[in-house]
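Okay, everyone, thanks for coming. Let me put the model up and then we'll walk through it together.

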Amino acid sequence: MRRAWFFTPEAFFDRMASMREMWQKWMLEQVMGQLHVKSDPFWSKPESDIIGKSYLYLTSLTYQVEMAQWLPIIDVFGNKVGEMRVQLTPYEKDYSTKLRPTSNSEALLNDKLYFVLRIEQARGLMEVANKNTYIEYAFSDDEGAHKTGVAQGKKFDPKFGEEHKFEVQVTDSMLRYLQKDAICFNVYGEADDVDEDDIAEATQMELPPETFEFFMSVDWQDSNSGKGMPFNPDMTAEEPGYSLSQSTAHKLIFAIAQSDKNFKIVKLVRGMLGNFRDQSGKVWDAAWLPCMISKQSRLDEHQPWIAELEVNGMPAALNVPEAVGVVFSADLKCEVDEVERLALEEPLQLLKKLTIQVTAKGTAELLDVSADEQSKRFKRTALLQEVYMGQWEVSNEAVNIAMTELRAQDDSGSGDIMKLLDDDVARLQHIMVDEQRRQSEELATRLLANGIEVGSMLSMGVIPEDVGAGGGDDKVAQLTQQKNKAEEDAARALKDKVALEQEVAALKARIKMLESNMSSGQAAGARISQLQTQLKSSKNVAAAQVGPDGKSKACVIS
């Protein structure tokens, strides 16, 4: 586990001046201050720190159902770092008779509730501070927090055996608390630290070696059956080897042990097998065959790094009848991409010579290889490779660059930090909602097993209205519904606006047409008036032209 210290802002600012002074002495004068002592500003005495939190929702008590759960332990970044086992059991007043499950979540209103909370153990505390662990928790408005006993020592699965009896009066507010809220468990532990009396070892842990030593070993298995291939410790005068079948898929088990315990391999990439040559030196196939790394891990900190490479078959040149019985040498190349506590600029190249003898397909005798036998094979095939990393010194140029960068520091990265924090909060929120849903579904399943159909947990009101109370789906659904309604209202208003604009345009066109018709009517009226005036004028002229017989000489129009 990578060692880390968490300081409060006040403690960090108090140490900042000493940190800068110690760093500058090392960069400018190569003077290393005392490490892992009180005067070391980068170190503090190991104390219990919070590993993570777990939440147990209390809805099961309102339905009088016994629940036993493995609760995830979530750290401040929203990552699962382990699990803890708890049990919640409602009883009669005697704390021995269990209550019968009910479909009415308000059956205990104005009554007393008796229940027992048991904290059995934790598990999976691997890459965290898992020394002297204990758990603190509080229920409702109880005075002070409850605390389990301390699981002494460094343990991945500490046992607690905590049991606490509760007696509560179920008022309206308590009922709402049981229906919506949860008990928060704070898991604490101490980180391992270097013995203060062994400062030399502490200093050595901080500096990588100039040369890395890798002890590489191999074993071969049949891919289909998983059984071991025949092993010959005296295949050649110099090398042991394995018998491999033609046109057959094999699995190459590659083990890497290291003498340095502080900078261990954590990832291999790009395995390749090639350069097949016989004992006379004749090269049969010089190409490199890619081998997929299907699995890689370390059983514990004292074991070598084990990688499984899939070799789907021999090169074509080795699948011919002439190759049967021939002993070949080949090279295995792998790249180390990650090493603990080091940032590699480029992968480290590992090269291991292999010795094999080709047999006809199906003729190799497959063997059941025990762990002890495989360990012996690893020892017989071990090969040391040294990788020179150079001296870890700081040049004057590097000092100048570092000092320049230190002076030029600004707050440009604060936005990235805030984004990371926002992402952590969002991830934590998502995990809490999922965990609440999982516990609700588990409760519904247990009620159904007792013949009680409760339907959806959402309709029961189990999902809290805000994440702070352990949920959030109802609030999200409500906000989504409001958003959809607002969008529908906006679309409807837009549609009405378009229709109104169309109606206004039609009315304007009608008015224009009427105005045009009115103008035409007025022109016609004026013309008629003009004609009538002309006719009257003609009539008067005709009257003036009446002959002696009393008749007009003009055509009279009236």
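So, to start: are Phe 115 and Phe 166 buried or exposed? Both of them are buried, where buried means under 20% relative accessible area, exposed means over 50%, and partly exposed is in between, using a 1.4 Å probe and protein chains only.

Quick housekeeping before I go on. This is a predicted model, so local features need pLDDT of at least 70 and side-chain atom pairs count only at pLDDT 80 or more, while totals for chains, interfaces and linings use all residues. Residues are numbered from 1 along each chain as its sequence is written, and side-chain values use heavy atoms, with hydrogens and water left out.

Back to the rings. The structure holds 12 aromatic pairs; rings of Phe, Tyr and Trp (its six-membered ring) pair if their centres lie within 6.5 Å, with planes under 30 degrees apart counted as stacked, over 60 as edge-to-face and the rest as tilted. Phe 115 and Phe 166 have ring centres 4.9 Å apart and planes at 10°, so that pair is stacked. Phe 115 sits in strand E4 and Phe 166 in strand E8, so to speak distant parts of the chain, 51 residues apart. By the way, helices (H or I, at least four residues) and strands (E, at least two) are DSSP runs, numbered from the N terminus.

Then there's Phe 139 with Tyr 177: centres 5.4 Å apart, planes at 85°, so edge-to-face. Phe 139 is in the loop between strands E5 and E6, and Tyr 177 is in helix H3, 38 residues apart. Phe 139 is buried at a relative accessible area of 1%, and Tyr 177 is buried too, at 15%. Ring pairs link Phe 115, Phe 139, Phe 166 and Tyr 177 into a cluster.

Next, the sheet. It's an open one of 10 strands with mixed pairing, in the order E11-E12-E18-E17-E14-E15-E16-E13-E10-E19. Two strands pair if DSSP finds at least two bridges between them. E11 and E19 are the edge strands, each pairing on one side only.

Let's zoom in on E14, residues 265-278. E14 pairs with E17 in the antiparallel sense over 9 bridges, with Ile 265 opposite Val 339. E14 also runs antiparallel to E15, joined by 6 bridges, and there Gly 271 has Cys 291 as its bridge partner. The E14 and E15 hairpin has 4 residues between the strands, and Gly 281 takes a positive phi near 100°. Moving along, E17 and E18 pair antiparallel over 10 bridges, and Cys 334 is partnered with Leu 350 in E18.

Now phi. Most residues other than glycine have a negative phi. Asn 275, though, has a positive phi of about 60°, and it lies in strand E14. Asn 275 is partly exposed, at 22%. Gln 64 also has a positive phi of about 60°; Gln 64 lies in the loop between helix H2 and strand E2 and is buried at 11%.

Last stop, helix H1. H1 has 21 residues and reaches 29 Å from its first C-alpha to its last, close to the expected 30 Å, which is 1.5 Å times one less than its number of residues. H1 has a kink of about 40° centred on Met 16, where the bend is the angle between axes fitted to the seven residues ending there and the seven starting there. Met 19, Met 22 and Met 27 in H1 are buried.
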